[in-house]
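I opened the notebook to look up a few residues and then the whole chain. My entries follow in the order I made them.

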Amino acid sequence: MDLDIDTVRVARTRADCALRPGEAFLGGGTFLYSEPVRPGVTGLVDLMGLGWEPWSVDGSGLRVAGTCTLAELVAGPGALGGAAGAAGAGPYRGLGIVGECVSALSLSAKVARTATVGGNLALGLPAGSMVGLFVALDARAVIWTPDGGSRELPVADLVTGAGRVGLGPGEVLREVRVPGLALGARTVFRRASLTPTGRTAAMVTGRALPDSAGPGRVLLVVTASVPVPHAQPVHAGDHEALDRWIDLIDVADDWYEDTHGSADWRAAMTRRLAHEALDELGGTA
Ligand SMILES: Cc1cc2nc3c(=O)[nH]c(=O)nc-3n(C[C@H](O)[C@H](O)[C@H](O)COP(=O)(O)OP(=O)(O)OC[C@H]3O[C@@H](n4cnc5c(N)ncnc54)[C@H](O)[C@@H]3O)c2cc1C
């Protein structure tokens with residue numbers, strides 16, 4: 001740990017979330033306490049003291065607080081979905097991919113008990129698997145603005161680059177909301193990494209779309225191998241259209257490259273995983 005700061009304030013109310021000069025928000029601290037402190041940051045405001053209910057579900061869908069830990073996400077919404085996957089059934093089968101998406105993070109059980117959903121999304125790392133999970137589930141992020149208001153945006157639009165997100169200074173990621181329709185949909189998860197327990201280098205998630213979006217259509221979401229999430233509706237079984245879309249990613253966006261995988265390898269793995277995901281959601285696998 002390399003933490004050279006002067007203060008840690010525990011936020012108990014929304015008013016406590018007003019940042020003073022030099023302050024930054026603290027979620028579980030698993031990233032902040034493992035990296036050199038950002039230049040200019042002299043204090044932290046601990047959001048865990050707000051005591052938000054980690055998650056709740058009702059007729060309108062699922063809400064997951066920014067402070068919900070990854071362990072709470074698995075034990076709650078993840079358990080509701082079970083290990084349903086594309087073949088499962090029930091009103092929460094869409095959540096069948098929650099456990100896999102959390103496992104896609106290279107975290108020990110101890111870190112998962114502390115790391116939060118909000119911290120993962122706010123970091124915007126390519127390997128931040130909460131992005132792929134919530135984009136596949138059509139979730140919206142609710143953001144508290146420093147003027148006391150709030151705004152919403154699709155999680156698909158939250159990440160704007162590798163390690164960059166569309167959160168302004170002093171904005172708090174309050175919660176993500178998954179619509180009820182997505183909770184009951186069939187979902188899919190695929191990932192690749194250089195080693196079985198290595199950092200996720202390519203991830204494909206997806207969801208069967210309702211007939212109102214056109215019969216037999218599915219949404220596929222590519223993360224980890226690209227700096228920003230890419231999502232595309234595809235007709236089940238239309239592998240040619242899928243290839244054309246992946247080709248477009250190639251043109252529009254550099255594949256991400258770091259010690260966890262070369263760009264070429266990530267592109268090839270993404271294509272393979274996307275075809276597998278399409279087969280699974282289309283019911284042919
Ligand atoms: C061993 C190890 C392995 C890891 N593996 C991965 C991995 O595979 N993929 C990956 O993405 N990450 C990984 N991480 C990084 C990190 O642990 C996770 O991304 C985690 O989910 C971050 O959550 P946190 O609550 O600990 O965030 P914190 O460390 O508390 O904060 C991270 C950032 O988010 C901001 N923030 C936190 N909560 C909010 C909020 N509600 N609203 C606005 N801003 C907020 C903070 O200001 C800070 O900038 C790893 C970390 C460790 C130590």
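**Entry: phenylalanine 189.** I found phenylalanine 189 in strand S11, residues 187-192. Helices (H or I, at least four residues) and strands (E, at least two) are DSSP runs, numbered from the N terminus. The model is predicted, so I note its limits: local features need pLDDT of at least 70, side-chain atom pairs count only at pLDDT 80 or more, and totals for chains, interfaces and linings use all residues. Residues are numbered from 1 along each chain as its sequence is written, and side-chain values use heavy atoms, with hydrogens and water left out.

Is phenylalanine 189 buried or exposed? It is buried, with a relative accessible area of 10%. Here buried means under 20% relative accessible area, exposed over 50%, and partly exposed in between (1.4 Å probe, protein chains only).

Next I listed what phenylalanine 189 touches, not counting residues up to four places away in sequence. The list is Ile97, Glu100, Cys101, Ala104, Met203, Val204 and Thr205. Contact means heavy atoms within 4.5 Å. I also looked up proline 154, which is 35 residues from phenylalanine 189 along the chain. Their C-alpha atoms are separated by 20 Å.

**Entry: threonine 270.** I went to helix H8, residues 263-281, where threonine 270 lies. Its relative accessibility is 1%, so threonine 270 counts as buried. Which residues is threonine 270 in contact with, leaving aside its neighbours within four places in sequence? I noted Ala202, Val204, Val222, Ser225, Ile246 and Trp255. Val204 is in contact with threonine 270, and phenylalanine 189 touches Val204 too.

Entry: Helix H5 covers residues 129-136. Eight of its eight residues are buried, so H5 is largely enclosed by the rest of the structure. Among the buried residues I noted Met130, Leu133 and Phe134.

Just after H5 comes aspartate 138. Its place is in the loop between H5 and strand S6 (140-144). Aspartate 138 is not a glycine, yet its phi is positive, about 60°. At 42% relative accessibility, aspartate 138 counts as partly exposed.

**Entry: alanine 224.** Here I found another positive phi in a residue other than glycine, near 75°. Alanine 224 sits in the loop between strand S13 (217-223) and strand S14 (230-235). Is alanine 224 buried or exposed? It is buried, with a relative accessible area of 3%.

**Entry: whole chain.** I counted up the elements: the chain has eight helices and 14 strands. Its radius of gyration is 19 Å, close to the 19 Å that the globule rule gives for 285 residues, so the chain is as compact as a globular protein of that length. The radius is taken over C-alpha atoms, and the rule is 2.2 Å times the number of residues to the power 0.38. Along its principal axes, the C-alpha trace spans about 55 × 45 × 35 Å.

I then checked burial and contacts. Of the 285 residues, 48% count as buried. Among contacts with a separation of 6 or more, 61% come from residues 24 or more positions apart.

**Entry: domains.** The chain is divided into domain 1 (7-46), domain 2 (58-182) and domain 3 (185-281). The bounds come from an automatic or database domain assignment. I looked up one spacing: the C-alpha centres of domain 1 and domain 3 lie 35 Å apart.
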